[in-house]
Amino acid sequence: MSGSPDEVRVYALVAAALIGLGLHAVLARPHLLQKVLGVNVTGAGVFLLLVAIARRNGDDPPDPVPHAMVLTGIVVAVSVTAFAVAVIRRYAERTGSAELPAPEEDPSTR
Amino acid sequence: MSVVLDVVAGILLVAGTGFFAAGTLGLLRFPDTLSRLHALTKADNLGLGLLVAGLAIHSGSAWIAAKLVLIWFVSLSVSTTICHLLAREEVRE
Amino acid sequence: MIDPGLDVLVGGGLVWLAWSLLRDPDLVRAAMTFIVFGLLLALAWVRLDAPDIALAEAAIGAGVTGVIVLDAARSLPRPPVRAAWPAAAPAAALAALAGVGVAGAIVAMPDGSPGLAPLVASELGETGVDHGVTAVLLAFRSLDTWMEIAVLLFALIALGTLLRTWAPLPSVPREGQDPLLSWFGRVIAPVAVLGAGFVLWLGTSEPGGAFQAGALLGALVIVLVLSGLASPTGLPPGVLRGLAGVGAAAFVVLAVVGALVEGRFLRTPPGIAGEAIVVVEVAIALSIGLGLAGLALAPRRKPR
């Protein structure tokens with residue numbers, strides 16, 4: 001398996017798409033859990049980007065430093081997800097809904 | 001001799017893939033959860049067994065073959081348990 | 001193996017799954033799609049020559065994260081989920097701009113720079129391990145790994161605080177809950193423990209290591225609790241938290257010992273570097289395993 005520029009570019013472009021999709025979900029989706037999923041998708045995109053860049057050695061083994069960063073990142077991502085979900089559960093318990101009100105309806109934006 | 005082994009491995013791999021495809025077809029086309037589970041677990045388990053057999057022959061190493069068989073056993077246990085749990089939930093509805 | 005068509009298929013699948021799961025009004029289905037997305041991502045890691053990440057992604061990224069999100073999707077109140085805010089058009093534009101920017105940067109990159117790989121390869125001999133990723137994680141950038149264990153612990157503590165009054169899900173009674181699940185828990189326990197030990201040991205010279213072993217242990221703990229073979233409140237509370245903290249403690253010991261013996265923080269004495277790393281990896285694997293299981297099972301704990 002060589003790090004051919006085409007293979008690397010395919011995954012790097014996929015990474016760009018995932019980052020965009022995830023960012024949109026965080027900003028625009030009303031349900032809090034959808035936002036959490038969006039953060040995870042964006043994270044996946046960033047990891048793909050790092051590993052794709054690590055693969056640019058050609059025929060040499062890939063650069064292990066971005067791999068280590070991604071491994072660390074995966075564990076941090078799951079910790080953040082668990083924490084965010086706990087906050088969402090408490091919010092839903094308090095307010096009865098896990099969705100943020102739409103900007104037009106939100107009284108705090110008056 | 002090794003050519004024969006490669007051909008046998010190839011046949012097993014293709015057959016395994018065929019079973020996986022059949023299982024997925026069942027997943028997409030069957031009307032309800034229970035029949036989908038039936039098609040999926042039966043076909044996928046057999047497909048995985050064939051794949052493992054083909055890969056074990058192709059690898060030519062007893063150690064790798066043993067590890068593959070272990071993977072197959074674990075996968076079999078997991079998919080059986082999950083199929084049972086899903087079916088149980090479905091029946092309870 | 002040099003088949004760009006396969007990469008296009010995997011990459012296209014990833015984008016389609018992500019798009020599909022983020023706009024799904026059924027959150028349980030979205031959570032399940034997310035698990036599938038994680039598994040396909042593990043395949044992408046294999047294609048990109050990153051087997052360590054593939055193992056961790058399948059177990060932690062798809063597995064544990066999937067459990068957390070699926071559990072939440074089933075437990076949260078479920079009014080019909082509304083579509084994206086129409087007033088969010090600027091958000092869509094911003095996201096598109098970010099995507100295009102990243103894509104542009106990628107296309108403009110010059111080809112083939114070696115990165116830090118030669119540096120890692122040249123320093124590998126002194127670390128006592130033979131595998132590049134393990135060396136980076138536990139020797140060159142051990143501070144990052146230490147902080148990551150700390151993040152896991154902080155999340156666990158935060159969960160304990162936030163969920164203190166959360167109504168418990170029906171607690172799983174003794175083993176009679178489901179016979180097949182109990183059987184599975186009993187059969188898989190020795191396999192998982194041996195597998196974790198094997199993967200950890202393998203990590204010194206081949207893909208593997210503490211993270212992947214920890215993920216296996218965490219998955220085992222989750223299965224044992226869900227099958228009723230072990231209760232989350234059975235053990236005295238201090239024991240589990242103490243074990244989860246063992247990873248961070250190991251790093252503290254390493255840091256202090258390193259400082260005293262070698263004069264530098266977190267520096268392993270070169271003679272026993274390999275053995276020291278394995279010991280620290282065992283501690284990390286325990287921490288990660290119990291930490292991950294704690295993150296996933298926290299909502300099921302009975303409130304005080």
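Helix α1 (residues 2-29) of chain B gives the most to a nonpolar patch, with 3 residues. The model described here is predicted. Over all chains, the structure holds 6 salt bridges. Chain C touches chain A through 91 of its residues, and chain B through 10 of its residues.

- Ile57(B) sits in helix α2 (residues 33-59) of chain B.

**Where chain C meets chain A**

- On the chain A side, 77 residues are in contact with chain C.
- The two chains bury about 7400 Å² between them. Carbon and sulfur atoms give 75% of that area.
- The interface of chain C and chain A has 1 salt bridge. Its partners are Arg55(A) and Asp49(C). Their closest N and O atoms are 2.7 Å apart.
- Helix α3 (residues 51-75) of chain C supplies 14 residues to the side that touches chain A, the largest share.
- By residue type, that side of chain C divides into 67 nonpolar, 12 polar and 12 charged residues.
- Between chain C and chain A, 6 residue pairs are in polar contact, counting pairs with both residues at pLDDT 80 or more.

**A closer look at Asp49(C)**

- Asp49(C) lies in the loop between α2 (27-47) and α3 of chain C.
- Phi of Asp49(C) is near 60 degrees, a positive value in a residue that is not glycine.
- Most residues other than glycine have a negative phi.
- Asp49(C) is also the chain C partner in the salt bridge with Arg55(A).

**Where chain C meets chain B**

- Here 10 residues of chain C are in contact with 10 residues of chain B.
- The area buried between these chains is about 840 Å². Carbon and sulfur atoms account for 78% of it.
- Within chain C, Asp178(C), Leu180(C) and Phe184(C) lose the most area to chain B. Together they make up 45% of what the chain C side buries.
- The count of salt bridges between chain C and chain B is 1. It joins the side chains of Arg88(B) and Asp178(C), at 2.6 Å from N to O.
- The side of chain C that touches chain B holds 8 nonpolar residues, 1 polar and 1 charged.
- Between chain C and chain B, 2 residue pairs make polar contacts, again with both residues at pLDDT 80 or more.
- Side chains of opposite charge can pair when their charged atoms come close.

**Ser35(B) within chain B**

- Ser35(B) belongs to helix α2 of chain B.
- The side chain of Ser35(B) makes a polar contact with the side chain of Asp32(B), at 2.6 Å.
- Ser35(B) and Ala87(B) are 52 residues apart in sequence. In space, their C-alpha atoms are 9.7 Å apart.

**A salt bridge within chain A**

- The side chains of Arg90(A) and Glu93(A) meet in a salt bridge, at 3.7 Å from N to O.
- Both residues lie in helix α3 (residues 64-95) of chain A. Arg90(A) and Glu93(A) are 3 residues apart, about one turn of the helix.

Note on methods:
Residues are numbered from 1 along each chain as its sequence is written. Chains are lettered from A and ligands numbered from 1 in the order in which they are written. This is a predicted model: local features need pLDDT of at least 70, side-chain atom pairs count only at pLDDT 80 or more; totals for chains, interfaces and linings use all residues. Side-chain values use heavy atoms; hydrogens and water are left out. Contact means heavy atoms within 4.5 Å. Buried area is the accessible area (1.4 Å probe) that two parts lose on being put together, summed over both. A salt bridge is a side-chain nitrogen of Lys or Arg within 4 Å of a carboxyl oxygen of Asp or Glu. A polar contact is a pair of N or O atoms within 3.5 Å; within protein, one must be able to donate a hydrogen and the other to accept it, and residues adjacent in sequence count only if both atoms are side-chain atoms. Helices (H or I, at least four residues) and strands (E, at least two) are DSSP runs, numbered from the N terminus. Ala, Val, Leu, Ile, Met, Phe, Trp, Tyr, Cys and Pro count as nonpolar, Asp, Glu, Lys and Arg as charged, and the others, Gly among them, as polar.
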